[in-house]
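Subject: A structure for you to look at

Hi,

Here is the structure I promised to pass on. Please open it first, and then read my notes below alongside it.

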Amino acid sequence: MENKNIYVTMPTLAPLEEVNELMKGIWASGIMTHNGPLVQRFEKECAAKLGVPNMVSCVNGTIALQMAIRALKLKGEIITTPFTFIATISSIIWEGCTPVFVDIDPETLCIDPKKIEEKITYHTVGIMPVHVFGNSCDIEAIGAIAKKHNLKVIYDACHSVGVDYKGQSVFNYGDISVTSFHATKMLNTTEGGGCFTQDKELDEKLRRIRFFGFENHADIVEDGTNGKMTEVHAAVGLANLKYLDAALADRKRKYLYYKEKLSVIPGLSFQKINEGCNYSYFPVIFPDEATLLKVQAKLQENSIFPRRYFYPSVNTFTRLVPYTPMPISEDIASRILCLPLYFTLADDDIERIIQIIVNAIL
């Protein structure tokens, strides 16, 4: 029998009939967008579930990052990590700012706070750290540096739904935290994003920015954009929200099982996980790129498609940014592979993936 395709991730989805019930209400009302009732409900229920005071939803995580930069009126250099998805960098560039890279901690894979201050210049206006694979950054160290140098902090928390830090949601930190509700994330609206801030004025500003800069649908008071989430996307998010706890528990169980079984293989290493991680991905760091490519090829021969995530290190995208050597990020990026991990992934398939890796290396 031919093997089914197994991808690096698949969306966690509520039963279709539960989504359809919400869709019937949209069709009956005729309200599809413009901060409709389901968007408002999704924001309220999601904020309550995540333990944050409020959420400003929008069309995707990239726009959310751009909205955050615009809300804080940042113009200049923004310090960030090279070990991230390209959206982190493109959001900075699209808002007329310059990304400045700081290398990563080789264990947590997050930006190394000890290397930030040496990159601060007269032109530095902010720091955009990334909670990599839902593993939180050193928030205290980054906050202390930002306070010392009067810098704004925007956390790219696009992997971080369900992540806690020091007993509360990781979204409660920074001037603004941003997440993604993309189909591959722990909570999805198919496409979507959100901004979180403790500052009421910033919250209101973000709401204006996502709707062209309108205030009360009357006057333009901000340089805004069209970042609105639709009612259809909010309906998917509301249906899926009920299954978030189950999805988080499932991810953790499967992550820990993978790690237990693969830890016996000499040469493999794993991200150092901070307390409160959501285990949203399972990255494996191989001893060298040749071993990674060998394992990847064997998995693909069996219709299993892991992902080299993040590869390459974004500081090497020289059509967008001048090359700055980031030796740790470039090294990790060349040797890291994310294995399949999602809610509907069967335990038998995980066993098979583990065995293929064992046979390829040992």
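Leu262 is buried, with a relative accessible area of 0%; buried here means under 20% relative accessible area, exposed means over 50%, and partly exposed is what falls in between (1.4 Å probe, protein chains only). This is a predicted model, so local features need pLDDT of at least 70 and side-chain atom pairs count only at pLDDT 80 or more, while totals for chains, interfaces and linings use all residues. Residues are numbered from 1 along each chain as its sequence is written, and side-chain values use heavy atoms, with hydrogens and water left out.

Back to Leu262: this residue belongs to helix H8 (residues 244–262). Helices (H or I, at least four residues) and strands (E, at least two) are DSSP runs, numbered from the N terminus. Leaving aside residues up to four places away in sequence, Leu262 touches Leu268, Phe270, Phe282, Val284, Leu339, Ile354 and Ile357, where contact means heavy atoms within 4.5 Å. Leu262 and Ala14 are 248 residues apart in sequence, and their C-alpha atoms are 31 Å apart in space.

Strands S13, S14 and S16 form an open, antiparallel sheet in the order S13-S14-S16. Its edge strands are S13 (269–270) and S16 (336–339), each of which pairs on one side only. Two strands count as paired if DSSP finds at least two bridges between them. S13 and S14 (residues 282–285) are joined by two bridges in the antiparallel sense, and Ser269 stands opposite Ile285 in S14.

Next, have a look at S10 (residues 193–196). Both faces of this strand are covered: Gly193 and Cys195 are buried on one side, and Gly194 and Phe196 are buried on the other. S10 pairs with S2 (residues 56–58) in the antiparallel sense over three bridges, with Gly194 as the bridge partner of Ser57. S9 (residues 176–180) also runs antiparallel to S10, and four bridges join them; here Val178 stands opposite Cys195.

Is Ser160 buried or exposed? Ser160 is buried, with a relative accessible area of 0%. Its contacts, not counting residues up to four places away in sequence, are His131, Gly134, Val170, Phe171, Thr179 and Asn278.

Then there are some backbone details to check. Most residues other than glycine have a negative phi, and most peptide bonds are trans. The list below gives the exceptions I would like you to see.

- Tyr309 and Phe310 are joined by a cis peptide bond, with omega about 5°; Phe310 lies in the loop between strand S15 (304–305) and helix H10 (327–335).
- The peptide bond from Tyr311 to Pro312 is cis, with omega near -10°, and Pro312 is found in the loop between S15 and H10.
- Asn150 has a positive phi, near 55°. This residue lies in the loop between helix H5 (139–149) and S6, and counts as exposed at 71% relative accessibility.
- Tyr279 has a positive phi near 55°. Its place is in the loop between S13 and S14, and it counts as buried at 14% relative accessibility.

Finally, the chain as a whole. The secondary structure comes to eleven helices and 16 strands. The radius of gyration is 21 Å, close to the 21 Å that the globule rule gives for 362 residues, so the chain is as compact as a globular protein of that length. That radius is taken over C-alpha atoms, and the rule is 2.2 Å times the number of residues to the power 0.38. Along its principal axes, the C-alpha trace spans about 65 × 55 × 40 Å. Of the 362 residues, 55% count as buried. Among contacts with a separation of 6 or more, 69% are between residues 24 or more positions apart.

Happy to go through any of this with you once you have had a look.

Best wishes
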